[in-house]
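Hello,

Here is the structure I promised to pass on to you. Have a look at it first, and then read on for what I found in it.

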Amino acid sequence: MGYMNTAPIPPSTGEPRWLTTEEQRVWRSYIEAATLLEDHLDRQLQRDAGMPHVYYGLLVKLAESPRRRLRMTELARYAKITRSRLSHAVARLEKNGWVRREDCPSDKRGQFAILTDEGHEVLRRTAPGHVDAVRQAVFDRLTPEQQKSLGEIMRIVSEGLQPREAGADLPWLR
């Protein structure tokens, strides 16, 4: 019997609602697939561009933003990482010449991250290999119906994990 698997207990008893055998199978499959997918994408991006997947995501978000710039707090919120981790990542991207920072004129404590022309060129060169890795790892393995279901499921999970209350303790607000 697994550490998360016993007979389900009604919530009124105050005991944990253990995962059923099928729920445990689904959960473990998800964890394994998510871990393998992140590793697959990290290895591809390290090989092709010398950056981890999270850095690629930051560059993409900046490329999609008006004037290729975004406040650091917004970039941290998008990436779901702490401001400290974002600051470290942006420092590395700055060192490569792919991003630069600029002080926010309306908020002396705020900064913008700005995608440079060199960073935009790195994305242009890297994107075809990355999309091929994503397609090979995910979309080529699923039917159109499975793709639609996966999208719906991930949207539901994501929406359920987004705190609605002000002042929520979120890593990207720290």
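The largest pocket holds about 1800 Å³ of space. Please keep in mind that this is a predicted model. If you wonder how one looks for such a space, rolling a probe the size of a water molecule over the atoms shows where empty space is left. The largest pocket is lined by 39 residues, and those closest to its centre are Tyr-30, Ala-34, Leu-37, Glu-38 and Met-154.

Which helix gives the most to the lining of the largest pocket? That is α1, with 10 residues. Helix α1 covers residues 21-49. At least two lining residues each come from α1, α2, α3, α5 (117-137) and α6 (144-161).

Next, pick out His-53, which lies in helix α2. In sequence, His-53 is 11 residues away from Asp-42, while in space their C-alpha atoms are 4.9 Å apart. What else does His-53 touch, leaving aside its neighbours within four places in sequence? The list is Glu-38, Leu-41, Asp-42, Leu-45 and His-130.

Follow the chain along α2 (53-64) and you come to Ser-65, in the loop between α2 and β1 (69-71). Is Ser-65 buried or exposed? Ser-65 counts as buried because its relative accessibility is 8%, and the cut-off for buried is under 20%. A polar atom of the Ser-65 side chain lies 2.7 Å from the backbone oxygen of Lys-61.

Now for the sheet. Strands of a sheet pair through backbone hydrogen bonds, either parallel or antiparallel. Here three strands make an open sheet in the order β1-β3-β2, with antiparallel pairing. β1 and β2 (99-104) are the edge strands, each pairing on one side only. From one strand to the next, the twist averages 30°. Helix α3 (residues 72-79) packs on this sheet and touches β1, β2 and β3, with its direction at about 90° to that of β1.

How many bridges pair β2 with β3? There are six, joining β2 to β3 (residues 107-115) in the antiparallel sense. These two strands form a hairpin, with two residues between them. You can trace the pairing residue by residue:

- Cys-104 stands opposite Asp-107 in β3.
- Glu-102 faces Phe-112 in β3.
- Arg-100 has Ile-114 of β3 opposite it.

On the other pairing, β1 and β3 run antiparallel and are joined by three bridges. There, Leu-70 has Ala-113 in β3 as its bridge partner.

Enjoy exploring, and write back with any questions.

Best wishes

Notes. Residues are numbered from 1 along each chain as its sequence is written. This is a predicted model: local features need pLDDT of at least 70, side-chain atom pairs count only at pLDDT 80 or more; totals for chains, interfaces and linings use all residues. Side-chain values use heavy atoms; hydrogens and water are left out. Helices (H or I, at least four residues) and strands (E, at least two) are DSSP runs, numbered from the N terminus. Buried means under 20% relative accessible area, exposed over 50%, partly exposed in between (1.4 Å probe, protein chains only). A polar contact is a pair of N or O atoms within 3.5 Å; within protein, one must be able to donate a hydrogen and the other to accept it, and residues adjacent in sequence count only if both atoms are side-chain atoms. Two strands pair if DSSP finds at least two bridges between them. Axes are lines fitted to C-alpha atoms, for helices over the stretch in contact, and angles run from 0 to 180 degrees between N-to-C directions. Contact means heavy atoms within 4.5 Å. On a 1 Å grid over the protein atoms alone, a cavity is a set of points where a 1.4 Å probe fits but cannot get out, and a pocket is an open set with protein on both sides within 12 Å along at least five of seven lines; lining residues have an atom within 4 Å of a point. Grid points are joined across faces, edges and corners, and a volume is the space filled by probe spheres set on the points.
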